[in-house]
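Please look over the structure below before reading on. The paragraphs that follow lead through it step by step.

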Amino acid sequence: LWERGTQGMSERRSREELLSFISKVSFVVDDTKLFLDTHKHDREALKHFEEYRELRKAALEEYAKYYGPLLVDDAVMSCDDRWNWTDEPWPWMEGGC
């Protein structure tokens with residue numbers, strides 16, 4: 001995945017690149033979460049889940065910063081003085097999905 005996260009990136013990623021990255025890490029998080037449902041004490045899986053959950057969180061924050069929030073949870077983080085949940089075009093409106 002994207003050089004193991006967002007650390008050290010000096011240039012802004014495009015909307016499409018970020019959406020693709022978020023989709024990939026979200027899949028890993030969801031798949032690992034399902035695995036953990038039946039393997040609760042697997043330390044390696046827990047570490048894997050936490051690593052990709054952090055990558056997803058950072059990518060969602062980066063997306064919200066530059067393009068607007070994808071999740072309602074990020075709406076508050078990306079606006080200073082007003083509600084901005086509907087300011088940006090939805091990802092599917094620009095062919096992102």
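**Salt bridges, helices and confidence**

At 41% relative accessibility, lysine 33 falls between the limits of 20% and 50%, so lysine 33 counts as partly exposed. The model in which this value was computed is a predicted one. Lysine 33 forms a salt bridge with aspartate 30, and their closest N and O atoms are 3.5 Å apart. Aspartate 30 has a relative accessibility of 40%, so aspartate 30 is likewise classed as partly exposed. Both residues belong to helix 1, and because they are three residues apart there, about one helical turn separates them.

Helix 1 itself covers residues 15–38. With 24 residues at 1.5 Å a residue, helix 1 should span 34 Å, and the C-alpha atoms at its ends are 35 Å apart, which agrees. Which residues of helix 1 are buried? They are Arg15, Leu18, Leu19, Phe21, Ile22, Val25, Ser26, Val28, Val29, Thr32 and Leu36. These buried residues pack against helix 2, which is made of residues 43–67.

Threonine 38 also lies in helix 1. Its relative accessible area is 62%, which is over 50%, so threonine 38 is exposed. The side chain of threonine 38 is joined to that of histidine 39 by a polar contact of 2.8 Å.

The next pair involves helix 2. Arginine 13 and glutamate 62 meet through their side chains in a salt bridge, with an N to O distance of 3.0 Å.

Another salt bridge connects glutamate 54 with arginine 53, where the closest N and O atoms are 2.9 Å apart. Salt bridges with shared partners join Glu50, Arg53 and Glu54 into one network. Glutamate 54 has 36% relative accessibility and therefore counts as partly exposed. Arginine 53, at 32%, therefore counts as partly exposed too. How many salt bridges are there by this rule? The count comes to four.

Now to the protein as a whole. It has 97 residues, of which 31% count as buried. There are three helices and zero strands, and from the N terminus on the elements run α-α-α. Among the contacts with a separation of 6 or more, 45% come from residues 24 or more positions apart. The accessible surface of the protein comes to about 6900 Å², and carbon and sulfur atoms account for 51% of that surface.

The last point is confidence. The protein averages a pLDDT of 81, and 68% of the residues score at least 70. Which element has the lowest mean pLDDT, and which the highest? Helix 3, residues 72–78, has the lowest mean at 63, whereas helix 1 has the highest at 95. Where pLDDT is low, the predicted coordinates should not be read in detail.

Terms used:
Residues numbered from 1 in each chain as written. Predicted model: local features only at pLDDT ≥ 70, side-chain atom pairs only at ≥ 80, totals over all residues. Heavy atoms only, no water. Helix = DSSP H or I, 4+ residues; strand = E, 2+ residues; numbered from the N terminus. Expected span 1.5 Å × (residues − 1). Buried < 20%, exposed > 50% of the residue type's maximum accessible area, 1.4 Å probe, protein only. Contact = heavy atoms within 4.5 Å. pLDDT = per-residue confidence, 0-100. Areas by Shrake-Rupley, 256 points an atom, 1.4 Å probe, with all protein chains shown as cover. Polar contact = N/O pair within 3.5 Å; in protein donor to acceptor, adjacent residues only side chain to side chain.
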